[in-house]
Amino acid sequence: LHHLDFVGAYLYSPLAEELYMWAPPGVRKYKGECWKVLSSIYGARQAGADWAKHYAGLLREFGFEPANQEETVWFMRDAKTSRMIIIATYVDDSIVAENWPSKFNAFMQFLEKKIEVTDEGCLQWYLSVRYCYNLDKTRLMAYQASYVEKVARTFGLDPDAEKG
């Protein structure tokens, strides 16, 4: 399993509609000055949707097909060799399962020409869940201790306190 990280993902997304913003204080030349935004930016309401549409377009361009209606899981397979790549995506994070290294490397080269992406290597953390493999990498275990601790602290509980 690979963990892909898209650096500044939203900044690569073309805007679906025209968007303007007030010039930030300290940079305004004229009172009431506003700027036309040329690409999606963090904080814009449609930024996530713009990124999802852009990423979906890249996946389709390379030959992936959506496995579900929400386009959160994508796949590519070679029926003759049983090789496949499965990509699960949430916002700007992706997990990739593959048994097709040559195609995965070609996919990474394709992406690197379009956007800044890094293969974080073997999956260790994803959406606040820690993943560990046994020694021969035949089992994957998921630990949510950090999430449980966060929820406990939210409700005023101390997860580190001794039971009495």
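I began with Lys114, which counts as partly exposed at 38% relative accessibility (buried is under 20% relative accessible area, exposed over 50%, partly exposed in between, with a 1.4 Å probe and protein chains only).

I noted the ground rules. This is a predicted model, in which local features need pLDDT of at least 70 and side-chain atom pairs count only at pLDDT 80 or more, while totals for chains, interfaces and linings use all residues. Residues are numbered from 1 along each chain as its sequence is written, and side-chain values use heavy atoms, with hydrogens and water left out.

Next, salt bridges (a side-chain nitrogen of Lys or Arg within 4 Å of a carboxyl oxygen of Asp or Glu). I found three in the structure.

Lys114 meets Glu61 in a salt bridge, 3.1 Å from N to O. Lys114 lies in helix H2 (residues 101-114) and Glu61 in helix H1, so the pair ties together parts 53 residues apart in sequence. Helices (H or I, at least four residues) and strands (E, at least two) are DSSP runs, numbered from the N terminus.

Arg60 bridges to Glu71, with the closest N and O atoms 2.4 Å apart. Arg60 sits in helix H1 (residues 47-62), and Glu71 in the loop between strand E4 (65-66) and strand E5 (73-78). Arg60 is partly exposed at 41%; Glu71 is partly exposed at 28%.

Glu18 and Lys36 form a salt bridge at 3.7 Å, N to O. Glu18 is exposed at 55%.

Last, I looked up a sheet. Three strands form an open sheet in the order E9-E10-E11, with antiparallel pairing (strands pair if DSSP finds at least two bridges between them). Four bridges join E10 (residues 129-133) to E11. Cys132 has Met141 in E11 as its bridge partner.
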